[in-house]
Amino acid sequence: MQTLPNLTAPSALGAQLSTDPTIHRRQTRPVKVGAVTIGGGHPVVVQSMINEDTLDVDGSVAGIRRLHEIGCEIVRVTVPSLAHAYALAEIKQKLLATYQPVPLVADVHHNGMKIALEVAKHVDKVRINPGLYVFEKPKADRTEYTQAEFDEIGEKIRDTLEPLVVSLRDQGKAMRIGVNHGSLAERMLFTYGDTPAGMVESALEFLQICESLDYRNLVISLKASRAPVMLAAYRLMVQRMDELGMDYPLHLGVTEAGDGEYGRIKSTVGIGTLLAEGIGDTIRVSLTEAPEKEIPVCYSILQALGLRKTMVEYVACPSCGRTLFNLEEVLHKVRAATQHLTGLDIAVMGCIVNGPGEMADADYGYVGKQAGYISLYRGREEIKRVPEDQGVAELINLIKGDGRWVEP
């Protein structure tokens, strides 16, 4: 099977140099998932997935609640069997009784029609994987797919998908067509190779079946464990959708990113690059860690791009020989005192050279101007100069005086 040798972006997607710093998001249709809307100009939605066994109703409810309480707006639950689908009915009821409604997504994989039909009664969105929803048993001696074989499987897919589509359509619920690079159907591999093109065509096959049934509450994902493959797939999907007049929102993620610093960097490279190009309406960072660890990474990506403001933005110089105080220590103190606030930009600058100019866009500035003293700024205006040991307390007083302080 072939691989894609060159994963460059299509020239139509951002090849021209632009001096406009604003991210112009791709216009997509709104898709409701419970009380949350994906696409349609709404803020980029943060998702994650619990790792409890869905048969453990109490554990699943607790896991969903933990995620939701720290800002996860949509929670996914795995549903590998009918028993798990029935358990989701209990999970939903227990959430309503003990907490509040949480938008839920059921993850359905191998030969999933019966499971999907049952779970569609209890959740707000069903995620299916085109490569696994109708399982194609590989043939060891196969060298090609004839058009007749290709069409025959296509009809089987339609027959299997139609009942789910009709159920979700009639209930006003959503579906995610979630393609994974590592689980493409065999005929897609033989036809398009192990490429982003195969991922896109797999998604389009399911999309076109849905459209033929007048169903468009759809979200698309094309995930891969390698960021360049993921980037190429989403860019190509946007190009193909534009050609076909489609405006479905996209769910972004680098699947199986791993853990630790590299997992976060890998996810940020993939997700952040596309968001900067205006592509993407909902995101999930997939870490081999507790699901709760994913949410801060999502919000950090969105905050860094200016797509959502959920915490304080700290501007700080890297420190050099001009720095008049221990910058790392002071930044830690300022962060500890103010990190619970929302929507502020606070600059901590080591000297006057990097001070007012570099922090011009900040709401407040903390600048070393002379040894032993701190200058506090509101925007570009110097407000007061105070002894260094009073700097953090006086910064808090300044924020309080402006009515922008809230207690932790």
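Colleague: What makes H9 and H10 oblique to each other?
Modeller: In this predicted model, where local features need pLDDT of at least 70, side-chain atom pairs count only at pLDDT 80 or more and totals for chains, interfaces and linings use all residues, the axes of helix H9 (residues 260-276) and helix H10 (residues 294-304) cross at roughly 40 degrees and come within 10 Å. Angles under 35 degrees count as roughly parallel, over 145 as roughly antiparallel, 65 to 115 as roughly perpendicular and the rest as oblique, and H9 and H10 are therefore oblique. Residues are numbered from 1 along each chain as its sequence is written, and side-chain values use heavy atoms, with hydrogens and water left out.

Colleague: Which residues of H9 and H10 meet?
Modeller: With contact meaning heavy atoms within 4.5 Å, Arg264, Ser267, Thr268, Ile271, Gly272 and Leu275 in H9 meet Val297, Ile301 and Leu302 in H10. By class, this contact of H9 with H10 has five nonpolar, three polar and one charged residues, where Ala, Val, Leu, Ile, Met, Phe, Trp, Tyr, Cys and Pro count as nonpolar, Asp, Glu, Lys and Arg as charged, and the others, Gly among them, as polar.

Colleague: Why is H7 called oblique to H8?
Modeller: The axes of helix H7 (residues 196-212) and helix H8 (residues 227-244) cross at roughly 40 degrees and come within 9 Å, which makes H7 oblique to H8. The residues of the contact of H7 with H8 divide into 13 nonpolar, one polar and two charged, and those in H7 include Met199, Leu204 and Gln208, while those in H8 include Leu236, Met237 and Arg240.

Colleague: At what angle do H11 and H12 pack, and which residues meet?
Modeller: Helix H11 (residues 327-338) and helix H12 (residues 391-401) pack at about 35 degrees, with their axes 10 Å apart. Lys333, Val334, Ala337 and Thr338 in H11 meet Val392, Leu395, Ile396 and Ile399 in H12, and by class this contact has six nonpolar, one polar and one charged residues.

Colleague: How do you know that arginine 187 lies over the face of phenylalanine 150?
Modeller: A charge sits over a ring if NZ of Lys or CZ of Arg is within 6 Å of the ring centre and within 35 degrees of the ring normal; arginine 187 lies over the face of phenylalanine 150 at 4.6 Å from the ring centre. Arginine 335 lies over the face of tyrosine 314, at 4.6 Å from the ring centre.

Key: Axes fitted to C-alpha atoms, helices over the stretch in contact; angles between N-to-C directions. Helix = DSSP H or I, 4+ residues; strand = E, 2+ residues; numbered from the N terminus.
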